[in-house]
Amino acid sequence: MASDKKNTVGIVTDLVQPIVDELGLQLWDVRFEKEGSIWYLRVFLDKEEGVNIDDCENVSRRLSPILDEVDPIPQSYTLEVSSPGIGRDLRRPQHFEAFMGADIHVRLIRPVEGERDFIGRLTGFGDGKITLLLDEDLEMTVGMDETAFVRLQEEIDMGGLK
């Protein structure tokens, strides 16, 4: 018998989505992660022209009292609201659809021919698998369950700095 009980991320997603919609933002991701002894509830926002500190603050100020009232997380945690950044993680189908044709960095859990890191152009996504073009005649398909992470590979112009 399947349970209808949502996990923490699902509950928080349902709570934050109306806030994000009202403010004209996009909800990129929600994560509940433990680092050391501290739990973090991370809400990642996006919008066409880029997220700014005011966007993050507005969502945080509206979400905090709702989380206090609903109390979906029994342990103490730190709420972080931010942009997913330039080298954003691609984790959901809509992420892959939005960045089809973009360069991505894939890190595998287990090496293939001694390599774990691959950079290539995202050419396909479906059935839990991603396909990337590594060079003009070499394509690679891997299952999402084989990856440590998949990130957008963006070059940052540092104005000549290295």
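R88 sits in the loop that joins β3 (78-82) to α3 (93-98). This is a predicted model, and in it R88 is buried, because its relative accessible area of 10% falls under the 20% cut-off. Let's start with this residue, then move on to a sheet and a helix.

**Around R88**
- The side chain of R88 reaches the backbone oxygen of G85, at 3.1 Å.
- Leaving aside residues up to four places away in sequence, R88 touches W28, D46, F99, V150, R151 and L152.

**The five-stranded sheet**
- Five strands form an open sheet in the order β7-β6-β5-β4-β8, with antiparallel pairing.
- The edges belong to β7 (138-143) and β8 (147-152); each has a single partner strand, so one side of each has no neighbour in the sheet.
- From one strand to the next, the twist averages 40°.
- Inside this sheet, β5 (residues 115-126) and β6 (residues 129-135) are joined by five bridges in the antiparallel sense.
- F125 stands opposite I130 in β6.

**Helix α1**
- Helix α1 (residues 8-22) has 15 residues and should span 21 Å at 1.5 Å a residue; its end C-alpha atoms are 22 Å apart, which agrees.
- At the start of α1, a side-chain oxygen of N7 comes to within 3.2 Å of the backbone nitrogen of V9.
- The helix α1 bends by about 30° at V16, and the proline P18 follows within four residues.
- Buried residues of α1 are T8, V12, T13, L15, V16, I19 and V20.
- An α-helix has 3.6 residues a turn, so residues three or four places apart point the same way.
- The cover over the buried residues of α1 includes β1 (26-35), β2 (38-46) and α2 (53-70).
- Just after α1, G24 takes a positive phi of about 75°.

Notes
Residues numbered from 1 in each chain as written. Predicted model: local features only at pLDDT ≥ 70, side-chain atom pairs only at ≥ 80, totals over all residues. Heavy atoms only, no water. Helix = DSSP H or I, 4+ residues; strand = E, 2+ residues; numbered from the N terminus. Buried < 20%, exposed > 50% of the residue type's maximum accessible area, 1.4 Å probe, protein only. Polar contact = N/O pair within 3.5 Å; in protein donor to acceptor, adjacent residues only side chain to side chain. Contact = heavy atoms within 4.5 Å. Pairing = 2+ DSSP bridges. Axes fitted to C-alpha atoms, helices over the stretch in contact; angles between N-to-C directions. Expected span 1.5 Å × (residues − 1). Bend = angle between axes of the 7 residues up to and from the residue.
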